[in-house]
There are 2 protein chains.
Amino acid sequence: MTRLWCELAWLGGERPDERVLISVDGERIESVTSDADPPGDAERLPGVTFPGFANAHSHAFQRALRGRTHGGPGSFWTWRDQMYELAGTLDPDSYLALARATFGEMALAGVTLVGEFHYLHHGPGGVPYEDPNAMGHAVLQAAAEAGVRIRLIDACYLRGGFREEPDEVQKRFADRDVDAWIERVNALPDPAAAIHSVRAVDPESAREVAAWAASRAAPLHAHVSEQPAENDGCLAAHGLSPTALLASVDVLSERFTAVHATHLTDVDVSLLGDARVTCCFCPTTERDLADGIGPARTLRDAGARLSLGSDSHAVIDLLEEARAVELDERLATMERGNHPTVELLSAATADGYRCLGFDDGGRIEPGALADLVTVGLDSVRLAGTDAEHALASVVFAGTAADVRHVMVGGRFIVRDGAHADLDVPRELAAAAGR
Amino acid sequence: MTRLWCELAWLGGERPDERVLISVDGERIESVTSDADPPGDAERLPGVTFPGFANAHSHAFQRALRGRTHGGPGSFWTWRDQMYELAGTLDPDSYLALARATFGEMALAGVTLVGEFHYLHHGPGGVPYEDPNAMGHAVLQAAAEAGVRIRLIDACYLRGGFREEPDEVQKRFADRDVDAWIERVNALPDPAAAIHSVRAVDPESAREVAAWAASRAAPLHAHVSEQPAENDGCLAAHGLSPTALLASVDVLSERFTAVHATHLTDVDVSLLGDARVTCCFCPTTERDLADGIGPARTLRDAGARLSLGSDSHAVIDLLEEARAVELDERLATMERGNHPTVELLSAATADGYRCLGFDDGGRIEPGALADLVTVGLDSVRLAGTDAEHALASVVFAGTAADVRHVMVGGRFIVRDGAHADLDVPRELAAAAGR
């Protein structure tokens, strides 16, 4: 039994509770008591303790692009060429090393659960590895070694575009057909499913992926309408928007997460809201790739939930993602207060956990997974706040650098801002430097 | 003589120079040599050394609002009510303490020069202090104690709106007339001038402020078109946009800085560009206050320069301001590469210095002020970069937390991320907590 005494802890309300005693038994929270005196055997955690952050959309290997594409011109599509070039160089060993370093950076940023949207499956030329899940296993091992909980979201990828064969790099993403994808993912432990996009998966195959996910009650994700060109292509090929096409083959449900959901019609918003899907916003990537500003508030109003992802890892900072949802929408609408601070925090925690299939995490309550992150209030960024304003201060002025302690499943993987097991900067320099 | 040997230093080119020896004599740089071996007596600076950052638009006291207004609803105008409430509570002593702590935070973020746009002049009810510049002197003393170079930009403020008397708080900002403003600022050491805005200063008084600045060859700043309501009011009162109105009374020149410049007509852009003004963008504030996205690229193309400010200090991070200019414009235009990385760095350094009247700073070259900032490349944010990509990595993924050493006028005010003289978090907690 571990006992943690938190100066402040966010239990879901408009402000943090004070003097919160959290008892942890094994990998779960046993009890939570506010206004408690600190027992002598309790570990004291100054600052604000939150449920661990869920990074609901990650492509771990893209960390190696940081700084190498961000200053330049071009578009999403020219960026994609650079990303493909990187992807073409990886094998299971280098993928393991790069993903472990990236997940280590996430741990230091307070990420306790990552949803890895995994599409780099096969060897050069699309030849399967001896274990056809060698790359997926590398990712799972990387998360285990970094101490971060993971949901591997294995992406079905069948074609290079609406009417295109996969190119040389895309062959590494592609399975022969949806049956081959099903056979492969059935050999993975507890995978979630993804339809990479309406570009990469035909509608009937998308229907089969969704049926597979339904049969396992597994989360189902897809990239949706990140760029107008995807909408245009989908309309030309199928006469429907990506969202409407996915709806037509029974993809939308409470288990579905639409990643990005940037360029939507009013009908799309209604479809997503009525189905109670989650929309995973990745605003630092959407800024970087000039994707645009998605209608987060309208989606919430329509019934959708929000989650957050650092996606391409231009930066890894879930607090920056959370505030960016609100701040970018302010730029689009010229209104403040589109999202209450607690909604942004829910997106970073419970709603992120839920969209990755962990209904029992992302909250500080008895029985929940003991995944916790403590943000210090003693840096120059947060000094001067008080209990009443601590949530808004952390969300709007805190950074990954303010994360002090991180617990996953009852074990501290980060203490005092340092990883328990890994020299993360050294691993990043070795794996992401090229 | 101090000798600094920099692993990498940005001397203005597309990539940093390597192994750069900088000799400092007194408060100026004496010599700069690339590809130099490190002399035994040189201090070694790993990472990338830049010219010090200029924070060209600051209202230091607004640091006390951080986290207290940012999560809520409302608009620029309701935020202004909260800001006025804070302003109403300050006196020279509390202003000194708050500004010193804020400038201390800036020092830790690599800011070596701050342009303090100063309008909180008088005591309650607008009664002048015994020294009518008591508040200005408090700000100057605060910067001196924090070790940061300052240009006090004293703002002429005469009325509460286009046809309104100052309210109770605004009386503290207001001088009786422009002659009273001139008499007061003449008693300040080396002030720059500001026209607070076209709301607060009538055109003929604006002309006199501009004439005063011209006679002293002093910088002249003004808030310009931050909100559409200002444009609407100006058009109704004067039949001109704020920019056109300022142009009509001889305000625009190379010494002029238009702060925000968010909502401009094509004619405004031409006027500002033709006059070779500087436009000071404050994107983290413009996000926070739902101001909108200004046409930074069009302004540059038309002939204007850019500088950067943290303004309301929702956050203090010049790297975040620099990338936000580019990233927000990507959201508006759906194009990457609106601003080359070196242009963003120039805005943070030489062009910021210039718009504050320091033509001899913001660059690493013989004779320039020895104002320097070293950004470490060893954090998880920047690990994995190399010399070729270091500039884009720092601008697009670095943060204030990566600032290691800061020199102002030949003296280190920050070493290893700690302030030489102040316990900044403690001062912020005391002065900004309420």
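Analyst: Contact here means heavy atoms within 4.5 Å. The model is predicted.

The sheet in chain B is open and has 8 strands, in the order β3-β2-β1-β4-β13-β14-β15-β16, with mixed pairing. Its edges are β3 (28–33) and β16 (418–419) of chain B, each of which pairs on one side only. Strands of a sheet pair through backbone hydrogen bonds, and the sense may be parallel or antiparallel.

The parallel sense is found between β1 (residues 2–9) and β4 (residues 43–51) of chain B, which are joined over 5 bridges. One of the residues involved is B:Leu4, whose bridge partner in β4(B) is B:Glu43.

The antiparallel sense is found around strand β14 (residues 403–408) of chain B. On one side, strand β13 (residues 372–375) of chain B pairs with β14(B) in the antiparallel sense over 4 bridges, and B:Leu372 stands opposite B:Met407 in β14(B). The hairpin of β14(B) and β15(B) has 2 residues between the strands, and B:Gly409 takes a positive phi near 55 degrees in it. Of the 6 residues of β14(B), 5 are buried, so this strand is largely enclosed by the rest of the structure.

Helix packing in chain B comes next. Helix α12 (residues 318–333) and helix α15 (residues 390–397) of chain B have axes 7 Å apart and pack at an angle of about 85 degrees. Angles of 65 to 115 degrees count as roughly perpendicular, so α12(B) is roughly perpendicular to α15(B). From α12(B), the contact is made by B:Leu319, B:Ala322, B:Arg323, B:Glu326, B:Leu327 and B:Arg330, and from α15(B) by B:Val394, B:Val395, B:Phe396 and B:Ala397. By class, this contact has 7 nonpolar and 3 charged residues, with no polar ones.

In chain A, helix α14 (residues 390–397) has 8 of its 8 residues buried, so the helix is largely enclosed by the rest of the structure. Its buried residues pack against β1 (2–9), β4 (43–51) and β13 (372–375) of chain A, as well as the helices α11 (318–333) and α12 (341–348) of chain A.

Away from the sheet in chain B, B:His118 is found in strand β6 (residues 111–118) of chain B. B:His118 is buried, with a relative accessible area of 1%. Leaving aside neighbours within four places in sequence, B:His118 is in contact with B:Tyr95, B:Met135, B:Gly136, B:Val139, B:Leu152, B:Ile153, B:Asp154 and B:Ala155.

Finally, the two chains meet: 58 residues of chain B are in contact with 58 residues of chain A. The area buried between chain B and chain A is about 4,400 Å², and carbon and sulfur atoms give 57% of that area. B:Leu331, B:Arg336 and B:Val380 supply 19% of the area that chain B buries against chain A, more than any other three residues.

Technical notes
Residues numbered from 1 in each chain as written. Chains lettered and ligands numbered in written order. Predicted model: local features only at pLDDT ≥ 70, side-chain atom pairs only at ≥ 80, totals over all residues. Heavy atoms only, no water. Pairing = 2+ DSSP bridges. Axes fitted to C-alpha atoms, helices over the stretch in contact; angles between N-to-C directions. Parallel < 35°, antiparallel > 145°, perpendicular 65-115°, else oblique. Nonpolar A, V, L, I, M, F, W, Y, C, P; charged D, E, K, R; others polar. Buried < 20%, exposed > 50% of the residue type's maximum accessible area, 1.4 Å probe, protein only. Buried area = accessible area lost by both parts, 1.4 Å probe.
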